[in-house]
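Work through the exercises below with the sequence and the model side by side, and try each task before reading its solution.

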Amino acid sequence: MTQRVELATVRDRLALDGLITDYAVAVDDGDWEAYRGLFAPRGRADYRSAGGIEGEARAVAAWLAENLSLFPMRQHLIVNRRVRFGIWEQDTGDTAEVQADYVNPMATAGPAPDFVCGGRYAFAALRTDDGWRLSEVVVREKWRRLPEPEKTPVVN
């Protein structure tokens with residue numbers, strides 16, 4: 001690899017990292033316009049493993065806006081990002097896949113989370129005239145911790 005190719009790869013990795021961070025911030029802040037702007041024109045999202053829907057990003061954003069309003073506090077922690085670019089013989093370097101683990105604490109009221117889930121994202125991205133955009137997001141929820149039921153004292 002030449003230095004120019006290595007520099008381009010580093011720049012693309014940084015841009016993809018920024019795209020994934022922008023995704024997390026948009027969901028956590030409920031900025032659905034920003035969320036939609038992260039996707040390519042025919043971009044899709046699949047939240048079925050977490051009890052959600054699958055579809056075009058615009059429809060999924062509307063579903064998220066309605067359902068996540070139950071959780072005024074949200075904070076995605078997206079880690080262990082693995083980036084793979086399209087194979088050079090078949091691709092001009094304009095596609096990428098990012099696999100990343102997540103932990104997502106959410107709260108219905110108060111500052112302490114009462115719902116926490118975790119799993120792995122599979123992001124597919126493509127280079128557009130506006131930079132890297134998501135063509136697909138698939139959530140693979142692996143676990144969830146729900147609020148503990150209220151403990152009622154036993155009276156004899």
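The model used here is predicted.

**Exercise 1. The order of elements**

State how many helices and strands the chain has, and in which pattern they follow along the sequence.

Solution. Begin by counting the elements, which gives 3 helices and 7 strands. Then read along the sequence, where the pattern is α-α-β-β-α-β-β-β-β-β.

**Exercise 2. The pairing of β7**

Find out in which sense, parallel or antiparallel, β7 pairs with β1 and with β6.

Solution. Take strand β1 first, which covers residues 39-46 and pairs with β7, residues 131-145, in the parallel sense over 4 bridges. As a landmark for this part of the structure, look for Ala45, which stands opposite Val137 in β7. Turn next to strand β6, residues 115-128, which pairs with β7 in the antiparallel sense over 13 bridges. Here Ala125 has Leu134 in β7 as its bridge partner.

**Exercise 3. The nonpolar core**

Which residues have the most contacts inside the largest nonpolar core, and which element gives the largest share of this core?

Solution. The largest nonpolar core has 35 residues, and those with the most contacts inside it are Tyr23, Tyr35, Phe123 and Leu134. Among the elements that give two or more residues to this core are α1 (3-29), α2 (32-37), α3 (57-68), β6 and β7. The largest share, 7 residues, comes from α1. To see how one of these residues is placed, select Tyr23 and set aside its neighbours within four places in sequence; Tyr23 is then in contact with residues including Tyr35, Tyr47, Phe123, Leu134 and Val137.

**Exercise 4. A residue in helix α1**

Decide whether Asp12 is buried or exposed, and list its contacts beyond its neighbours within four places in sequence.

Solution. First locate Asp12, which is found in helix α1. Its relative accessible area is 12%, and the cut-off for buried is under 20%, so Asp12 counts as buried. With its neighbours within four places in sequence left aside, Asp12 is in contact with Phe85, Arg127 and Trp132. For the chain as a whole, 37% of the 156 residues count as buried.

Terms used
Residues are numbered from 1 along each chain as its sequence is written. This is a predicted model: local features need pLDDT of at least 70, side-chain atom pairs count only at pLDDT 80 or more; totals for chains, interfaces and linings use all residues. Side-chain values use heavy atoms; hydrogens and water are left out. Buried means under 20% relative accessible area, exposed over 50%, partly exposed in between (1.4 Å probe, protein chains only). Two strands pair if DSSP finds at least two bridges between them. A nonpolar core is a set of buried Ala, Val, Leu, Ile, Met, Phe, Trp, Tyr and Cys residues joined through side-chain atoms within 4.5 Å. Contact means heavy atoms within 4.5 Å.
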